[in-house]
Amino acid sequence: MDFLEVHSLLLREPNLLLPLLDLSNINKNNSNFCQVKVLKNHQNLALTDSGKLIHVIKGKLLQQISNSKQIVNAIWMENDFIFHNVFQPNPYEYVAFGRVELAIYDAKAVLQELSGQPFFPDLLIDTLKRQEYQSYRYARMITKSVQERVLEITRLLSKKDKEGYHIPKMVNYLLLSKCCQISPHTAKKAIQELEQANKIIYKNGEQILISDSEDLGL
């Protein structure tokens, strides 16, 4: 590894794992090591129990606890990497938010290949920090008010421009109830209160959360 490679890795844009994979000898065209999947909106990602490394190439992937309540406990964004059943078994399942493009690697093969790279320890540290951040975000969720939860998740799942946050039609009270860990009735009431306070407006048939809702002065 020469100086230029080391320098580019230190920049870590968008993260460290992508350039390490590009520098590795992993053949992404070999279906035994990597599979590319495209999911439609609400489509579930079916995975085996063996360890997988999921790269979110495009879109957003909701990670939820696999039980009767199906509570979302992480939202993975473009260029995020998810270690599924790598370090310990987990009860997670995944569902697409909109159209999602994924690359799914055999985690054992990837880790074995990358373990010889001098930046491998940094990769593990970066990954654990990201995993901890997602866990912290949703653990902290229950300490916030209902309005704060709804606003935070709505912003995260919406597209922002100068008008505010353009809310996709799929962001409804049922989805918000899962993401915010509240009942559907409570989520619906929170949306209605935002509409009554003119924090959510309708323009050309589209819902927009105005940007000054961030002050939470409802």
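Two strands count as paired if DSSP finds at least two bridges between them. Strands (E, at least two residues) and helices (H or I, at least four) are DSSP runs numbered from the N terminus.

This is a predicted model, in which local features need pLDDT of at least 70 and side-chain atom pairs count only at pLDDT 80 or more, while totals for chains, interfaces and linings use all residues. Residues are numbered from 1 along each chain as its sequence is written, and side-chain values use heavy atoms, with hydrogens and water left out.

The protein has seven helices and 10 strands.

| Pair | Residues | Sense | Bridges |
|---|---|---|---|
| E7 and E8 | 159-161 and 164-167 | antiparallel | three |
| E8 and E10 | 164-167 and 206-209 | antiparallel | three |

E7 and E8 form a hairpin with two residues between them. Lys159 has His166 of E8 as its bridge partner, and Ile167 stands opposite Gln207 in E10.

Helix H4 covers residues 120-141. Its 22 residues should span 32 Å at 1.5 Å a residue, and the end C-alpha atoms are 32 Å apart, which agrees; the expected span is 1.5 Å times one less than the number of residues. The buried residues of H4 are Phe120, Leu123, Thr127, Gln134, Arg137, Tyr138 and Met141. Seen down the axis, they fall within an arc of 120 degrees, so they line one face of H4; the arc is that of the directions from the helix axis to the C-beta atoms. Lys129 and Glu132, on the other side of H4, are exposed.

Terms used: Buried means under 20% relative accessible area, exposed over 50%, partly exposed in between (1.4 Å probe, protein chains only).
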